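Let's take a friendly walk through this model together.

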Amino acid sequence: LPGHDFRQDARAAVKRARALMAEDASLPTLRYAALETRLAMEALTYDRAQAYGDDFPKWEIGTWQPRKLLLILLGVDPMADTEKSFNVSKEPANGAPQDNEDWFDFGTETVLNLAAIKEQYDAIGSRLHMPTIKQLESGETHDPERLRRRLEGLLTHLEAVLASPIFNLTMIGRNSKITCMRCDHRVRKATKGDAEATTARCPGCGLGYDLVPNADGDFDWYPERTKMKCGTPSCPEELIIYRDELRPGLAVNCEACGKKTLIVFGSRRAEQSEDEAKGPTLQVKDT
Ligand SMILES: [Zn+2]
Ligand SMILES: [Zn+2]
């Protein structure tokens, strides 16, 4: 599916905001400019999410708050909101190019980052509402001049983002990837080249993974799952349960003995050991 042109939407919203601000500096007019500015911030963030394609979690495509959306992207790619430059070198004779002249500079991407969204999006959003009784009583009314200055700065920044010669560079640098062991979707995590333990989530099914750096300079991926002894007393098999599926009522099939182990609630007194506990924590169902 070809993506929607959110960048064009953002550009149009910025233009409308600028036109409104050129009309007059009254609060009613500025309010509409603030609304258009927020739409531009939303469109730019959706554009970014769209650029992540298959790396973006399927179940989040309805998320509309730019801050939430960017936090999701940062979970996939810690560089999702970082300004990036893009340089390409001519084919080096041997090894890496030595001189700066060997590099062609494609420019820098200015990104609408999380800090700007946090600071500005809600701040101008609060101007879209009537002052509350409390605000009026404390004399805390909306100051049109302050709002105008804020919008002015924000629109200048959005224009720089829209004027970036390159944009939506995603998953730059080193990535670690696997095929999800539950749903076969590709799972990638941008790691910045850091060898620090991190986490990732499958964009297809949501299964979480712990990533632990290994000796090869890559990561070992450990799914969030629990091992549990098969409920059949004579069966030594270990059953594997994905943590997000673990709930009372779940019946887990055992390949070894062919029986199902049912997960149920159990209880024990705090001073009792697990072995002494009364009542089943597991039941075995015949299939
Ligand atoms: Zn998956
Ligand atoms: Zn078994």
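Four donors count as tetrahedral if all angles lie between 85 and 135 degrees; donors here are N, O and S atoms within 2.8 Å of the metal (3.2 Å for Na, K and Ca), and since water is not among the atoms, sites may look incomplete. This is a predicted model, in which local features need pLDDT of at least 70 and side-chain atom pairs count only at pLDDT 80 or more, while totals for chains, interfaces and linings use all residues. Residues are numbered from 1 along each chain as its sequence is written, chains are lettered from A and ligands numbered from 1 in the order in which they are written, and side-chain values use heavy atoms, without hydrogens and water.

**The zinc site**

What holds the zinc ion (ligand 2)? Its protein donors are the SG atoms of Cys230, Cys235, Cys254 and Cys257, 2.2 to 2.4 Å away. The arrangement is tetrahedral because the 4 donor atoms subtend angles of 104 to 115° around the zinc ion (ligand 2). Along the sequence, the donor residues follow the spacing C-x4-C-x18-C-x2-C. Cys230 sits in the loop between strand 8 (225-229) and strand 9 (238-242), and Cys254 in the loop between strand 10 (251-253) and strand 11 (260-263), so this pair ties together parts that are 24 residues apart in sequence. Helices (H or I, at least four residues) and strands (E, at least two) are DSSP runs, numbered from the N terminus.

The table lists some buried residues; buried means under 20% relative accessible area, exposed over 50%, and partly exposed in between (1.4 Å probe, protein chains only).

| Residue | Relative accessible area |
|---|---|
| Cys230 | 3% |
| Cys254 | 0% |
| Thr37 | 0% |

**Thr37 and its neighbours**

Thr37 belongs to helix 2 (residues 27-51). Leaving aside residues up to four places away in sequence, Thr37 touches Ala17, Ile124, Leu151, Leu154, Leu155 and Leu158, where contact means heavy atoms within 4.5 Å.

**A helix pair**

Helix 3 (residues 66-76) and helix 4 (residues 114-125) have axes that come within 10 Å and cross at roughly 170°. That makes helix 3 roughly antiparallel to helix 4, a label for angles over 145 degrees. Pro66, Arg67, Leu70, Leu71 and Leu74 of helix 3 meet Leu114, Ile117, Lys118, Tyr121 and Asp122 of helix 4.

**The whole chain**

The protein chain has 6 helices and 12 strands. Of its 287 residues, 35% count as buried.

Definitions and conventions:
Four donors count as tetrahedral if all angles lie between 85 and 135 degrees; four count as square planar and six as octahedral if opposite donors are over 155 degrees apart and all others between 65 and 115; anything else is irregular. Axes are lines fitted to C-alpha atoms, for helices over the stretch in contact, and angles run from 0 to 180 degrees between N-to-C directions. Angles under 35 degrees count as roughly parallel, over 145 as roughly antiparallel, 65 to 115 as roughly perpendicular and the rest as oblique.
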